[in-house]
Amino acid sequence: MSPIFVTNARYFPNRYALAHGISQIGPAAGLFILPPITQACVNLYGWRGTFVVESAIVFNLCVCGALLRPLKDVQLPEDAGDPNRCDSEHGNPNTNDAEDQHASDNNHSSKSIVLCCGGNITRLPPLFAVYLVSALFFGITYSGVMIHLLSRALFAQVGSLQQTSFLLSIIGICNLLGRLSVLLVHYKILSSLSVSSLGLFMIGIICVVPYLAETYAGFASFSAILGLASGALLTMVLICTNDLCGSEQASLTFPMLLCAVGLGSLLGPPFAGWIFDSWQNYNYVYYTLGSCSFVGSFILVPGIIRNYRAGKSD
């Protein structure tokens, strides 16, 4: 997915929020459509046959990837891949003197880190590091909630397996609606950071409200709000990165962001499972995940306030 995100940033530098929002309609639609299809395939072909069918569907991504083409007017310098390359834009006045540059390699490398992908870590704003931490907490919360949602519903005995699996479709429908939050950013009603903070706060709220886990209607409401909030968050993660660092740093910042979210997604499910094994109570699991979501939301508030004040002064 990372090449697609970078390609969007390069193709649509001025309307990236809108372009990215449109491209994210596909995953939301898939989250709505695939659960009933998967259940039907399991009933017909078993789980092994289902994996074969779904692998054939995923294989079509190769065709989609082959359609991506670089822009004709974007040409990288021949020495762009040299990690020791650093021109005057990065603060080296002796770029034309090869001998001086070779002599100062050790000192210069301690001042600036230039990656072969074209991004410069030293030029990233400090707020981006804060956003990476917030993305990590989002990955922990979202993956833990999604993985254990059906198990929690079955544990509460609010419905059959088929009924509880429909909760994923509810998430998919509302996830699609939540991605329309990109319009709030496109028309500058809210900033991308504000939408991200609100989305994390909403997930935190529903995780700590216990009566949403007592009836099927409560689980359906939980799934609807989770879908809306996660749809907004999944759309905003790359828009925030583009707003903070610019499209010229996309080949560096997007992989860093995806690694942060991926690390959270790796830690979330086993962490939530360990809590359940220790207490045999899913409420404690969701209280903890909700707390993680609150932390991810609140650490963005200082950056939102600072950007708001900077915008008013301008």
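## Overall architecture

Residues 24 or more positions apart account for 77% of those contacts in the protein chain that have a separation of 6 or more, where a contact means heavy atoms within 4.5 Å. The model is predicted, so local features need pLDDT of at least 70 and side-chain atom pairs count only at pLDDT 80 or more, while totals for chains, interfaces and linings use all residues. Residues are numbered from 1 along each chain as its sequence is written, and side-chain values use heavy atoms, with hydrogens and water left out.

The protein chain holds 14 helices and 0 strands. Helices (H or I, at least four residues) and strands (E, at least two) are DSSP runs, numbered from the N terminus. Along the sequence, the pattern reads α-α-α-α-α-α-α-α-α-α-α-α-α-α. Of the 314 residues of the protein chain, 41% count as buried. Buried means under 20% relative accessible area, exposed means over 50%, and partly exposed lies in between (1.4 Å probe, protein chains only).

## Aromatic pairs

How many aromatic pairs does a search of the whole structure find? The search finds 13. Rings of Phe, Tyr and Trp (its six-membered ring) pair if their centres lie within 6.5 Å; planes under 30 degrees apart count as stacked, over 60 as edge-to-face and the rest as tilted. One of the pairs joins Y11 and F12, which are tilted, with 6.3 Å centre to centre and 45° between the planes. Y11 is partly exposed because its relative accessible area is 36%, and F12 is also partly exposed, at 38% relative accessibility.

Another pair, F222 with Y286, is edge-to-face, with 5.8 Å centre to centre and 65° between the planes. This pair links distant parts of the chain: F222 belongs to helix α11 (residues 216-245) and Y286 to helix α13 (residues 282-298), and the two are 64 residues apart. F222 counts as buried because its relative accessibility is 1%, and Y286 is buried at 0%. The face of Y286 also has R152 lying over it, 4.0 Å from the ring centre. A charge sits over a ring if NZ of Lys or CZ of Arg is within 6 Å of the ring centre and within 35 degrees of the ring normal.

## A buried serine

S230 lies in helix α11. Is S230 buried or exposed? S230 is buried, because its relative accessible area is 0%. A polar atom of the S230 side chain lies 3.3 Å from the backbone oxygen of G227. A polar contact is a pair of N or O atoms within 3.5 Å; within protein, one must be able to donate a hydrogen and the other to accept it, and residues adjacent in sequence count only if both atoms are side-chain atoms. When residues up to four places away in sequence are not counted, S230 touches Y142, N175 and I203.

## Residues in loops

P70 is found in the loop between α4 (61-66) and α5 (98-103). P70 is exposed, with a relative accessible area of 70%.

Most residues other than glycine have a negative phi. Q157, which is not a glycine, has a positive phi of about 55°. Q157 is placed in the loop between α7 (126-155) and α8 (161-178), and it counts as exposed at 69% relative accessibility. K188 likewise has a positive phi, near 60°, and is a residue other than glycine. K188 occupies the loop between α9 (182-186) and α10 (192-208) and counts as exposed because its relative accessibility is 74%.

Rolling a probe the size of a water molecule over the atoms shows where empty space is left. On a 1 Å grid over the protein atoms alone, a cavity is a set of points where a 1.4 Å probe fits but cannot get out, and lining residues have an atom within 4 Å of a point. Grid points are joined across faces, edges and corners, and a volume is the space filled by probe spheres set on the points. A search of the whole structure finds 1 cavity of 30 Å³ or more.

The largest cavity holds about 40 Å³ of space. Its lining is formed by Y131, S134, A135, F138, S196, L200, L233, V237 and L300. The elements that give two or more residues to this lining are α7, α10 and α11, and α7 provides the largest share, 4 residues.

Notes: On a 1 Å grid over the protein atoms alone, a cavity is a set of points where a 1.4 Å probe fits but cannot get out, and a pocket is an open set with protein on both sides within 12 Å along at least five of seven lines; lining residues have an atom within 4 Å of a point.
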